[in-house]
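Dear colleague,

Please find below the structure that I am handing over to you. A summary of the findings follows it.

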Amino acid sequence: MRIARFATVVAPLCVVAYGLIRLIGRLDGEYGPGLDWQASHLANLIGLGLLVFVILGMRRLLSPGWGREAAVAVTLVGLVAAVVQFVADIVQGLLAADRPEMSELSREFRSIPGADLAFYQVGPQLLYVGLFVLFAMLAYSRTVPWWSVGVILASSLLPVVSLDLLPISGIGYLVAFVQLRPLLEERQAQPSIA
C-alpha cells in the first residue's frame, strides 16, 4: 500500500499542476494545441493513473459487502471514462495544427455514437460521484471525519463552476486524501481481509 500513500498526495497535486499549467497556457490566448495543452493533460492523466491506487486503498478501508464493491466499480468506470477523454484530448492535440483543427477532431470523436455520453457527459462524472460515496461510507464508519465528505463534494463541483478553479479543487482533494495516509499505513501492517 506504499504506492497508495504516495498517490494520496501526488494524485491531487497532479490536478493542481493541470490547473496551473492550463491557467499559464491561457495567458497568451492560445491554449491548445501545443506544449501547454499536452503538459497539462499529461499531468492530469498521471494523476488519474495514481488515483486507481487511492480508490483501491479506500476499498481496503471499508467493510466487505456489495455496497463497497458497487461504489468502487462505479468510481473505476468513471476513472476509465476520464482516462479515455484525456487520451483523446492528447491525441487530438498531437494531430492538430491549430485550435480550429483540434476542435474539429474533437467534434469527430464526440460524434461517434455513444462517445460524447460515455466519455464527456456522463462517464467521467461517475468518478466524482464514486469518490463522494466512498468518502461518505468512510465517514459513516467513522474512518474519516464528515467534513472530508464536504471537501470532496466542493472539490468536485468547483471545476463545474469554472475550470480556472482546478488548482483549488486539487488542493481540496489533497486535504481530503491526506487523511487516508496513516490509515493505509495501519492497514498495510494488518493482514488483508479482502
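A charge is taken to sit over a ring if NZ of Lys or CZ of Arg is within 6 Å of the ring centre and within 35 degrees of the ring normal. Please note that this is a predicted model, in which local features need pLDDT of at least 70 and side-chain atom pairs count only at pLDDT 80 or more, while totals for chains, interfaces and linings use all residues. Residues are numbered from 1 along each chain as its sequence is written, and side-chain values use heavy atoms, leaving out hydrogens and water.

Arg-110 lies over the face of Tyr-120, at 4.0 Å from the ring centre. Arg-110 also forms a salt bridge (a side-chain nitrogen of Lys or Arg within 4 Å of a carboxyl oxygen of Asp or Glu) with Asp-116, and the closest N and O atoms are 2.7 Å apart. Arg-110 is partly exposed, at 31% relative accessible area; here buried means under 20%, exposed over 50% and partly exposed in between, with a 1.4 Å probe and protein chains only. Tyr-120, by contrast, counts as buried at 10%.

The structure holds six aromatic pairs. Rings of Phe, Tyr and Trp (its six-membered ring) pair if their centres lie within 6.5 Å, and planes under 30 degrees apart count as stacked, over 60 as edge-to-face and the rest as tilted. Tyr-31 and Trp-37 form a tilted pair, with 5.1 Å between centres and 50° between planes. Tyr-31 is buried at 10% relative accessible area, and Trp-37 is buried at 9%. The centres of Phe-109 and Tyr-120 are 6.3 Å apart and their planes stand at 70°, so this pair is edge-to-face. Phe-109 belongs to helix α4 (residues 99-110) and Tyr-120 to helix α5 (residues 115-121), so the pair ties together parts eleven residues apart in sequence. Helices are DSSP runs (H or I, at least four residues), numbered from the N terminus. Ring pairs link Phe-109, Phe-119 and Tyr-120 into a cluster.

Seven salt bridges are present in the structure. One of them joins the side chains of Glu-185 and Arg-5 (3.8 Å, N to O). Glu-185 lies in helix α9 (residues 180-189) and Arg-5 in helix α1 (residues 2-26), so this pair ties together parts that are 180 residues apart in sequence. Glu-185 is partly exposed at 46%, whereas Arg-5 is buried at 11%.

Yours sincerely

How values were computed:
Helices (H or I, at least four residues) and strands (E, at least two) are DSSP runs, numbered from the N terminus.
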